[in-house]
Amino acid sequence: TKQPSPYDMIGGENVVKDLVEKFYQRVSSHPELSPIFPEDLTETRRKQVQFMTQFLGGPSLYTEEHGHPRLRARHLPFQITPSRAQAWLECMQLALSETEADEHEKRMLFERLKHTAQHMINTPQDRE
Ligand code: HEM
């Protein structure tokens, strides 16, 4: 028998779907983020559930359908500034706080996402 993955420990499919739903609710009403996202987030949400599932050590749903994530490359069409990365993380932190799951697993996930979000920055901060 294999060790439970973070995906199992955080609560599996239901928790990941719930988290992603709450996250994009925040994103869609964020003044800095909503302009760079599509109006209809159905497909975005579906891909993020696939990605998050494998990020947490669950089934490789994203790669099975889309190939290697190459996340930084896939984000290059969008201007990801330090403040957008910060906003993304704030939306995620709020979504996590509204999602019922083990606190330790949520914290571990957030720490990894902080690192990934920093890595996505591809545009220097624009000055007001
Ligand atoms: C796609 C923004 C960080 C995972 C996207 C899209 C945007 C975006 C605009 C395109 C949505 C679409 O066309 O459907 C941002 C911003 C970030 C950020 C502003 C701030 C740092 C992250 C992080 C992750 C992530 C940290 C990893 C958990 C994804 C995935 C997709 C995506 C999996 C779908 C890629 C695909 O089209 O296959 N993101 N993102 N993003 N993002 Fe991010």
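Visitor: By class, how many nonpolar, polar and charged residues make up the shell around the ligand?

Guide: Welcome! This is a predicted model, where local features need pLDDT of at least 70, side-chain atom pairs count only at pLDDT 80 or more, and totals for chains, interfaces and linings use all residues. Residues are numbered from 1 along each chain as its sequence is written, and side-chain values use heavy atoms, leaving out hydrogens and water. With Ala, Val, Leu, Ile, Met, Phe, Trp, Tyr, Cys and Pro as nonpolar, Asp, Glu, Lys and Arg as charged, and the others as polar, the shell has 14 nonpolar, four polar and two charged residues.

Visitor: How far is the side chain of Y62 from an oxygen atom of the ligand?

Guide: Y62 is among the closest of the 20 residues that surround the ligand (a heavy atom within 4 Å). Polar contacts are pairs of N or O atoms within 3.5 Å. The side chain of K47 has an N or O atom 3.0 Å from a ligand oxygen. For Y62, the distance is 2.5 Å.

Visitor: Which element gives the largest share of the lining of the largest pocket?

Guide: The ligand sits in this pocket, whose volume is about 740 Å³. Its lining is made of 24 residues, with Y24, F37, Q48, L71 and H75 nearest the centre. Elements giving two or more residues to that lining are α3, α4 (61–66), α5, α6 and α7. The largest share, five residues, comes from α3.

Definitions and conventions. Polar contact = N/O pair within 3.5 Å; in protein donor to acceptor, adjacent residues only side chain to side chain. 1 Å grid on protein atoms, 1.4 Å probe; cavity = no way out; pocket = protein on both sides within 12 Å on 5 of 7 lines; lining within 4 Å. Sits in = over half its atoms within 2 Å of the grid points. Points joined across faces, edges and corners; volume = space filled by probe spheres on them. Helix = DSSP H or I, 4+ residues; strand = E, 2+ residues; numbered from the N terminus.
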